[in-house]
Amino acid sequence: MQSDKLTRSVMPAVVMLSLALAIRQMSMTIVMPFLSTYCKLLPGYTPVLAGLAIGIFGLMQAIFQIPFGILSDRYGNKKMMILGLTQVVIGLVIAYFSSNIVLLIFARALQGSGAVIGVGYSWVAGMADEKHQVKAMSILGAFISAAAALAFAVGPILRGLMSVNWMFLSCAILLFINEMYILFFLKDSKSKKKVESPQNGQIHILLKDKNFVLMNLAAFLNNYMMMSVFYVVPIYLTKVTGEKGMWKVFVPAIIIAILVMKVAVKLTQKGLNNQVLMGSFLVSAISIILFFKQSSYIFLLIGTTLFMCGYISLATIVATNVNQATADDCRGTANGIFNSFQYVGSFVGSIVTGAIYGKSNKLTWIIVIVVGIIGFLLVAIGKPSVNKIQEPGELK
């Protein structure tokens, strides 16, 4: 009975945090299909600067995840969450007022530097007891993953109603309202216990743990595949469904993927963690084969649905494994490292896919399939287990 009361008291906070991070994720992704075209309208435009405006967000994410994670262990999740979300809101407002390409690049960099995804995972993991931690993490993972995919469906519709700069401002307003709720109504889950500095061994201990490293590599590979799919599939869909019809693929794919993810979570709770991870990588790799038929709506729908099932299940379970294996005192640091690996995977995925896609569609997809197989083998051979990582203070 107490457990049910705990769930009822925690879930609203989990949902609001998940919503904030989902809005943040969507605000970054929703303008992606139009950003290169929008950059051409700004004074000072060059193709190189436009590429920098698009890519600098992911790069800043990769750089700032670890500092935000470390600081959240020292000063609390709530303070760092508010700081990061404020940076994103200010960055979105500056993007709205950007009168030249350099100012837009600065705005995108500021948005990326508000790297609070890891802080969010740390906060949510600390809210729930062990029994409900997986459920709480799955809600957060579903919100973030769905927001990224849904942005490709909603973006073209919104673009028909407003300009790109107004899309920036609309996202800033939504995110600010959510931030105010977090500021005034949510309590931090971070322990008041004094945290040792990372120089005393936290990062070293984390990176020495085989299971932690395996989960980080799995996240890197999963995000590489995701960026490749999100880079190319919208190009295919523009020709098949039109920009405004992308929802016909992404919306059903997301709904089915979230249902599959719930089943995957239940299977991991029954002790089938590695089997689910291996199966998810395999499903993602197989889904890519369907993209070779780029002019078929049915093939694109089934391929995208299968991929989203694998991607969302992997993203949720790998993040949950990291948080279940990490002590609360260094959870922020662990999530910072983990999310840096994710964003480096996104950055590498977008760069490699962009470089190869123009020369060979088939080679692009072959590489993605190979990445999925590597992920499968990584789990099969490494056989990661969810064991508590020894804290620096426990070392003899």
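Trainee: Which helices each supply at least two residues of the lining of the largest pocket?

Mentor: Quite a list! In this predicted model, they are α1 (2–29), α2 (32–39), α3 (47–75), α6 (117–127), α7 (130–159), α10 (210–240), α13 (297–324) and α14 (331–357). The lining has 42 residues, and Met 32, Ile 54, Met 227, Tyr 231 and Ser 350 lie nearest the centre of the pocket. The space inside is about 1,100 Å³.

Trainee: How do the residues of that lining divide into nonpolar, polar and charged?

Mentor: There are 24 nonpolar, 16 polar and two charged residues. Tyr 231, one of those nearest the centre, goes with the nonpolar group because Tyr is on the nonpolar list.

Trainee: Ser 346 is in helix α14. Why is Ser 346 called buried?

Mentor: Set the value against the cut-off. Ser 346 has 9% relative accessibility, and buried means under 20%, so Ser 346 counts as buried.

Trainee: Which residues is Ser 346 in contact with, leaving aside its neighbours within four places in sequence?

Mentor: Asn 223, Tyr 224, Met 226 and Met 227. You've met Met 227 already, as one of the residues nearest the centre of the largest pocket.

Trainee: What lines the second largest cavity?

Mentor: Ala 218, Ala 219, Asn 222, Leu 314, Ala 315, Val 318, Phe 338 and Gln 342 do. At least two of the lining residues come from each of α10, α13 and α14. About 30 Å³ of space lies in there.

Trainee: How many residues of each class are in the lining of the second largest cavity?

Mentor: Six are nonpolar, two are polar and none is charged.

Trainee: How do you know that the span of α11 is close to the expected one?

Mentor: Helix α11 has 23 residues and reaches 33 Å from its first C-alpha to its last. Among the buried residues of α11 are Val 249, Phe 250 and Val 265.

Key. Residues are numbered from 1 along each chain as its sequence is written. This is a predicted model: local features need pLDDT of at least 70, side-chain atom pairs count only at pLDDT 80 or more; totals for chains, interfaces and linings use all residues. Side-chain values use heavy atoms; hydrogens and water are left out. On a 1 Å grid over the protein atoms alone, a cavity is a set of points where a 1.4 Å probe fits but cannot get out, and a pocket is an open set with protein on both sides within 12 Å along at least five of seven lines; lining residues have an atom within 4 Å of a point. Grid points are joined across faces, edges and corners, and a volume is the space filled by probe spheres set on the points. Helices (H or I, at least four residues) and strands (E, at least two) are DSSP runs, numbered from the N terminus. The expected span of a helix is 1.5 Å times one less than its number of residues. Buried means under 20% relative accessible area, exposed over 50%, partly exposed in between (1.4 Å probe, protein chains only). Contact means heavy atoms within 4.5 Å.
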